Amino acid sequence: MPWPYVGVKRNMNQKLLKLENLLRFHIVCRQLHSLCQRRTLAQWRHMFSSAYPVWTAQLYARPWQTDALIRAALSQHRLLVTKKEERSQKSQLSSRKSKKEVEVWIGMTVEELARAMEKDIDYIYESLMNTAVDIDSLEADSHLDEVWIKEVIKMAGMKLKWSKLKQEKVRENKDAVKRPQADPALLTPKFPVVTIMGHVDHGKTTLLDKLRKTQVAAMEAGGITQHIGAFLVSLPSGEKITFLDTPGHAAFSAMRARGAQVTDIVILVVAADDGVMKQTVESIQHAKDAQVPIVLAINKCDKPEADPEKVKKELLAYDVVCEDYGGDVQAVHVSALTGDNMMALAEATVALAEMLELKADPTGPVEGTVIESFTDKGRGPVTTAIIQRGTLRKGSILVAGKSWAKVRLMFDENGKTINEAYPSMPVGIVGWRDLPSAGDEILEVESEPRARQVVDWRKYEQEQEKNKESLKLIEEKRKEHQEAHRKAREKYGTLHWKERSLIKYKEKKQQQPLKLKERVERESNVLPIIIKGDVDGSVEALLDIMDTYDASHECELELVHFGVGDISENDVNLAETFHGVIYGFNVNAANVIQQSAAKKGVKIKLHKIIYRLIEDLQEELSSRLPCNVEEHVIGEASILATFSITEGKKKVPVAGCRVQKGQLEKQKKFKLIRNGHVLWKGSLISLKHHKDDISVSKTGMDCGLSLDEEKIEFKVGDDIVCYEEKEVVAKTSWDPGF
């Protein structure tokens, strides 16, 4: 039993005892008086009996009746007092239980916490006064740790409630997901999706041209593939194969990885005259990561220097074992240029597909993958996709990434309109609200509201992730600020206020805004760029290259904006604001845009080949670097003797020299070298041959010279070097790797 309750009960008992004593004293008095007043009362009996019978009866009540009445009164009084005390105790307990709840969340600021507690900000500061928090560094918008939020709430006698955490748990996941695996009985055979991979210029596109009987390679800029293409090829045997032609250039690693993820078979093309190269190895790794079987196509076997066996042996080192060496990888010797063995390659691919027993579910909602995305002037956002499940029809509602579409139009790789797309078919889709990213998963949903719901949920998830990252950064910055403030307090703590004020004044003076010349120099070491590409994959490849930039100590590379589509007026305005350069890859800039850029002093650089764009960017970075000063030696001389001459009242040291190489020119710069160490750099005061002043001393001539530094002492055997300084344009040290 708690001690307050014991004290209350004791007080109640004391009050009851006092009341009982008073009542008993009153009874004794009445009994004593009744003896002496009996005669008088007997005389009054007749007078009041008729008028007040009840009163008279009560007046002459027996003593035992009075005691019974008193006992009843006392018990009733005790009951009332007990109930009153219980009510007061219940009210106290209820007041203890009904603590005020305060809703808090992670990353709460001082001002937000004060508002939630219905207190002023000073109350928060007072609560944290005796804690480890640095009160001086706290501002109204400073974020508080979870520990300090709990401490303030506890000291206020309030109850904690994490509102944000509960909201996150309550919010239902509205994302669209893939269907469960289909019943094997519902699956139907499908034709294979085959990705052609290999090193750049090993003949991948030419090989595909022979299979398709088209001329894609002739239309490619620089003869290299720079996009991922999806084509449906019908073989003479009636079989169909969907080919994905991936770029072999080093810049397009992400495209090759994406091609490997959606494919059933990989055809690895290796040139017989070149062997295994860097992108060949990378392609093998992509195929292994995706657990996709490989068919080896050894190309360019028509060349005299071709050596297919060498290629097979080199591939053994990368765990690609051909059938000739006891492995399970089919190897076909082909020539994409002449068309030799092309049908054998197709048959090998079909045979492997039959062994794999490829099947798919053509019913139900569509599932697929975005292979490429771009913006078309007449059609808007367009995607190239591979259907993996279900049948796509006009009017279907699709979701990919944070974009959705109502399919308005579908077309094949030749631009021909189609009405349906089955599993393994490549298809162009028109009707997207925004441009999805290459590699995004495509899922069909039942309605437009459902599609918006899915996109909203995905944006919400992305926003939550960003918020978490922002909070981490804020917390890191806050800790850095606290540490800096602590160090500053330690630094100034022992100083007199005058000394402290002087040091702060000097520090503030150093932090004054840069002068115009200094600001121009600093801005010249920053290159802001805007990147525009024809398709999402191209922009992705360029951004991956930018990620390799490691020369920020020379010149900062600042990516202001990137996007898909032709260069617009907004891009020019943005470049003007940031004093940047616009780089376009496989895009156009209208004449009006180019004229506007010229007026605003904005550079627009358009390229069709990716490595040309990177070379241009390297040159632009190099132009922002300060020039290097190089020394070019004009002549060298050896000191044979030392002496001094008197000029006025002072003695001037003179070196007697013989020119060993080149010539000494008085107007150029000189340096004195002793035992390989430079002792002096500067100019000559005089250069003489015998007693004549000369401007040039050629090889083999003797001469005497004096320096502009009197304190330098010559020694026999020292070398004098004549040189000139030339400014050389610096080159960036950034190497993108190709």
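Q: What makes a run of residues a helix or a strand here?
A: Helices are DSSP runs of H or I with at least four residues, and strands are E runs of at least two, numbered from the N terminus. The model itself is predicted. By this naming, Lys-300 sits in the loop between strand E8 (294-299) and helix H13 (308-316).

Q: Why is Asn-341 called partly exposed?
A: Its relative accessible area is 43%. Buried means under 20% and exposed means over 50%. Asn-341 falls in between, so partly exposed is the label.

Q: How do you know that E23 and E24 are paired strands?
A: Two strands pair if DSSP finds at least two bridges between them. Strand E23 (residues 628-647) and strand E24 (residues 650-665) are joined by 12 bridges and run antiparallel. Glu-647 has Lys-650 in E24 as its bridge partner. The two strands form a hairpin with two residues between them, and Gly-648 in the turn has a positive phi of about 70°.

Q: Which other strands pair with E24?
A: Strand E30 (residues 702-707) pairs with E24 in the antiparallel sense over four bridges. There, Arg-658 stands opposite Asp-702. Strand E29 (residues 696-698) is joined to E24 by three bridges, also antiparallel. Leu-664 has Ser-697 in E29 as its bridge partner.

Q: In what order do the strands of the closed barrel run?
A: The six strands run E11-E12-E17-E15-E14-E18, with antiparallel pairing. Neighbouring strands of this sheet are turned by 50° against each other on average, direction ignored. Strand E14 (residues 397-400) and strand E18 (residues 441-445) are joined by four bridges. Leu-398 stands opposite Glu-444 in E18.

Q: What makes Glu-367 and Arg-389 a salt bridge?
A: The criterion is a side-chain nitrogen of Lys or Arg within 4 Å of a carboxyl oxygen of Asp or Glu. The closest N and O atoms of this pair are 3.7 Å apart, so the pair qualifies. Glu-367 is in strand E11 (residues 367-376) and Arg-389 in strand E12 (residues 380-389), 22 residues apart.

Q: Why are the relative areas of Glu-367 and Arg-389 given the label they have?
A: Glu-367 has 8%, so Glu-367 is buried. Arg-389 has 11% and therefore also counts as buried.

Q: How do you know that Asp-616 and Lys-605 form a salt bridge?
A: Their side chains meet at 2.9 Å, N to O. That is within 4 Å, so the pair passes. Asp-616 is in helix H21 (residues 610-623) and Lys-605 in strand E22 (residues 603-607). Both residues are buried.

Q: Why do Lys-726 and Glu-724 count as partly exposed?
A: Lys-726 has a relative accessible area of 40%, and Glu-724 has 25%. Lys-726 and Glu-724 form a salt bridge, with the closest N and O atoms 3.9 Å apart.

Q: Why is the pair of Trp-457 and Tyr-460 called tilted?
A: Ring centres must lie within 6.5 Å; planes under 30 degrees apart are stacked and over 60 edge-to-face. This pair has 5.5 Å centre to centre and 40° between the planes, so tilted is the label. Trp-457 and Tyr-460 are three residues apart in helix H15, which means about one helical turn separates them.

Q: What makes Tyr-549 and Trp-734 an edge-to-face pair?
A: Their centres are 5.3 Å apart and their planes are at 75°. That angle is over 60, so the pair is edge-to-face. Tyr-549 is buried at 12%, and Trp-734 is buried at 2%.

Methods:
Residues are numbered from 1 along each chain as its sequence is written. This is a predicted model: local features need pLDDT of at least 70, side-chain atom pairs count only at pLDDT 80 or more; totals for chains, interfaces and linings use all residues. Side-chain values use heavy atoms; hydrogens and water are left out. Axes are lines fitted to C-alpha atoms, for helices over the stretch in contact, and angles run from 0 to 180 degrees between N-to-C directions. Rings of Phe, Tyr and Trp (its six-membered ring) pair if their centres lie within 6.5 Å; planes under 30 degrees apart count as stacked, over 60 as edge-to-face and the rest as tilted. Buried means under 20% relative accessible area, exposed over 50%, partly exposed in between (1.4 Å probe, protein chains only).
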